[in-house]
Amino acid sequence: MAKPTGFMDYKRVENGNVAPDVRIANFKEFHPKLDEKARLEQAARCMNCGVPMCQSAIRLAGMVTGCPLHNYIPEWNDALYNRQFDMAAWRLLKTSSFPEFTGRVCPALCEKACNCGSPVVGEGAVTVHDNELFIIERAFESGYMKPEIPAHRSGKRIAVIGAGPSGLACADWLNRRGHNVTVYEREDKAGGLLMYGIPNMKLDKKYVDRRIELMKQEGVEFIFNADVGKDFSAQRILFEFDAVALCCGAKKARSLAAAGIDKVEFGLVFAVDFLKAVTKSVLATTAALEKLNITPSNTQIAEVLLEKYGIDVAGKDVIIVGGGDTGNDCCGSSIRLGCKSVTQLEMMPCPPVERAPNNPWPQWPKTLKVDYGAEESIEKFGRDPRIYETTVKEVISENGHITAVRTVEVEFKTIDGKRQLVEREGTEKTLPCDLLLVAAGFVGCEEYTAQAFGAELGPRGTVSSVGEATPESASPNGYATSVPKVFTAGDMHRGQSLVVWAIAEGRECARQIDYMLLQNLTNNK
């Protein structure tokens with residue numbers, strides 16, 4: 001273990017936070033890193049448990065706890081403490097395709113299952129998330145992260161449809177196995193929601209570009225602006241490639257059922273479209289000014305957002321439907337763009353501050369957290385933006401422009417044996433609203449790509465898989481679809497989930513593709 005008494009000698013210290021009133025002035029990342037000495041002390045806190053729950057991803061009481069990637073967390077914490085930085089990176093990269101992404105945006109399932117943070121030890125979980133980020137960023141800075149080009153190629157060709165985290169992980173793994181991989185992406189840049197769904201202040205896009213450039217140097221081919229199933233023929237891809245992986249995400253947004261919504265022409269935007277437009281505006285403005293060594297102002301970004309995408313935020317009352325991570329990202333983005341006010345509506349009750357008896361460690365804690373967007377709202381407007389057990393009942397507009405929403409309190413009740421959402425009488429309120437952002441989740445993948453390949457969709461709107469799974473698999477049915485040599489992974493397969501789960505699925509999907517190709521090679525001899 002790193003240091004036998006480390007968890008007693010050092011307290012948990014996370015990477016810092018730029019103060020809310022300072023960070024809302026731009027779209028830059030706002031978590032300053034600890035210095036090397038402090039980071040080694042945090043690594044020293046790892047106890048190298050006999051049963052490291054952090055890396056187990058086991059299922060307890062119907063819930064999965066620990067890291068889906070099965071990262072060798074105690075091993076690289078030990079190497080980090082002993083200043084074996086290359087060794088730490090080597091062990092980290094054995095299981096994790098993109099630590100620079102998960103080290104920034106993962107909610108750290110590992111930490112919630114850390115024995116050091118259990119009620120028995122009670123010393124606070126090891127800062128696994130921050131340690132991981134330190135290791136990979138040092139690896140890039142030191143030159144350890146160099147292109148690793150396979151010494152031999154199999155001659156087999158695989159098409160990966162979608163360059164989100166699952167598609168990238170699948171492509172990366174298969175390329176390292178010596179196969180020739182081509183990634184088709186309908187956007188102008190790779191990354192999927194890493195690029196156009198997660199705001200720049202959570203994940204600076206230069207880190208996505210850096211990884212894509214490395215993958216290109218290693219032999220992965222990217223074809224952008226390639227909308228497979230519309231502009232690119234699925235049948236031709238099936239003919240030209242030995243295997244296909246469908247990794248297009250689950251971007252079919254859940255619509256809002258409210259009276260008057262059909263009359264709105266301006267001021268109603270789905271969250272995924274809003275965040276994409278904001279990121280594109282940030283990138284466009286930054287590119288225009290970087291040669292002058294000028295950081296774009298939020299006002300300039302807001303102007304580009306309005307001019308290019310018709311989304312007006314500055315000085316507006318913003319209502320967000322959805323209290324999850326996406327809604328929080330919309331909140332933080334709206335504040336940076338100069339909104340007059342921001343309110344988040346959440347149908348579910350406010351979570352408890354402490355764990356409930358039916359939510360014991362090491363399960364993921366279903367407790368109240370105040371994320372960065374809420375912190376910034378409290379700083380700027382003096383209030384938490386979230387209103388629980390509330391939804392939009394009616395959207396009010398004039399000449400197609402939204403002007404207000406009528407809300408109502410709701411609760412879930414069991415009626416005739418079924419759980420139903422019911423309104424509370426006498427709780428209606430009217431709130432001013434110039435921009436309504438719908439962040440109510442997703443209902444599956446956009447069907448046309450799957451249909452173009454003949455893949456079947458399940459009841460959740462995701463692509464169905466059949467067959468056996470590997471022991472480490474995140475899916476009980478594996479990743480092969482009912483169509484020969486067509487596989488699926490990520491949100492398109494499991495539904496809306498976390499980046500870390502998408503990466504885990506992409507890697508396991510690649511294993512199954514590789515196994516199929518090896519079987520074919522063996523049978524053809």
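Me: On a 1 Å grid over the protein atoms alone, a cavity is a set of points where a 1.4 Å probe fits but cannot get out, and its lining residues have an atom within 4 Å of a point. How many cavities of 30 Å³ or more are there here?

Reply: Rolling a probe the size of a water molecule over the atoms shows where empty space is left. Here that gives 2 cavities of 30 Å³ or more. This is a predicted model, where local features need pLDDT of at least 70 and side-chain atom pairs pLDDT 80 or more, while totals for chains, interfaces and linings use all residues. Residues are numbered from 1 along each chain as its sequence is written, and side-chain values use heavy atoms, without hydrogens or water.

Me: How much space lies in the largest cavity, and which residues are closest to its centre?

Reply: A volume is the space filled by probe spheres set on the grid points, which are joined across faces, edges and corners. The largest cavity holds about 110 Å³. Its lining has 15 residues, with Cys67, Asn71, Cys106, Cys110 and Glu132 closest to the centre.

Me: Which helix gives the most to that lining?

Reply: Helices are DSSP runs of H or I with at least four residues, strands are runs of E with at least two, and both are numbered from the N terminus. Helix α8 gives the most, with 3 residues; α4 (73-81), α7 (109-112) and α8 (128-142) each supply at least two.

Me: And what lines the second largest cavity?

Reply: This cavity has about 80 Å³ of space. Cys46, Cys49, Cys54, Cys114 and Val126 are the closest to its centre among 13 lining residues. Counting Ala, Val, Leu, Ile, Met, Phe, Trp, Tyr, Cys and Pro as nonpolar, Asp, Glu, Lys and Arg as charged, and the others, Gly among them, as polar, the lining divides into 12 nonpolar, 1 polar and no charged residues.

Me: Is Leu421 buried or partly exposed?

Reply: Buried means under 20% relative accessible area, exposed over 50%, and partly exposed in between (1.4 Å probe, protein chains only). Leu421 counts as partly exposed because its relative accessibility is 35%. Leu421 belongs to strand β13 (residues 418-423).

Note on methods. On a 1 Å grid over the protein atoms alone, a cavity is a set of points where a 1.4 Å probe fits but cannot get out, and a pocket is an open set with protein on both sides within 12 Å along at least five of seven lines; lining residues have an atom within 4 Å of a point.
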